[in-house]
Amino acid sequence: MALFFDQAWFDQRLKERGLTRDDVASALRLAREAVDEIWKDQREITSNEVVMLARLIGAPAADVVTRAGIATPMPKEPAGDAAPVHARLDEMDQRLARIERAIADLQSLIIATRHQG
């Protein structure tokens with residue numbers, strides 16, 4: 001278990017998936033400042049946040065716990081076979097991230113169009 005939050009490992013996982021810390025903030029429903037505090041090991045993450053972060057970066061929750069610092073709680077596994085639910089949630093998370101990126105692109109295009117006119 002890592003003594004401190006392993007920024008490099010998490011940043012690499014995000015990069016591999018084409019995601020940013022802003023995407024983490026959206027997924028965890030936190031302000032970007034709170035995510036920055038997590039990355040600086042100034043804020044502990046909850047077991048629910050472990051699950052969401054693991055889904056977002058495509059890593060097992062145990063790996064997130066191991067890399068997130070000494071006080072990070074291991075989430076309890078839900079009863080029954082939750083694999084189909086997790087797969088569907090992962091798919092929805094990826095789709096939502098693509099939609100959010102498309103909206104940001106559209107907003108940028110609108111702003112650029114206004115400045116040209």
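Which residues of the largest nonpolar core touch the most other members? They are Phe 10, Val 24, Trp 39, Leu 53, Ile 57 and Val 64, out of 23 residues. A nonpolar core is a set of buried Ala, Val, Leu, Ile, Met, Phe, Trp, Tyr and Cys residues joined through side-chain atoms within 4.5 Å. Buried means under 20% relative accessible area, exposed over 50%, and partly exposed in between (1.4 Å probe, protein chains only).

This is a predicted model: local features need pLDDT of at least 70, side-chain atom pairs count only at pLDDT 80 or more, and totals for chains, interfaces and linings use all residues. Residues are numbered from 1 along each chain as its sequence is written, and side-chain values use heavy atoms, without hydrogens and water.

- α4 supplies the largest share, five residues.
- Trp 39 touches Phe 5, Gln 7, Phe 10, Asp 11, Leu 14, Arg 21 and Val 24, leaving out residues up to four places away in sequence. Contact means heavy atoms within 4.5 Å.

**Helix α1**
- Trp 9, Phe 10, Arg 13 and Leu 14 are buried in α1.
- These buried residues fall within an arc of 135 degrees seen down the axis of α1, so they line one face of the helix. The arc is taken from the directions from the helix axis to the C-beta atoms.
- Ala 8, Lys 15 and Glu 16 are exposed on the other side of α1.
- The cover over the buried residues of α1 includes α2, α3, α4 and α5.

**Before α1**
- Phe 4 sits in the segment before α1.
- Phe 4 counts as exposed, at 55% relative accessibility.

Notes. Helix = DSSP H or I, 4+ residues; strand = E, 2+ residues; numbered from the N terminus.
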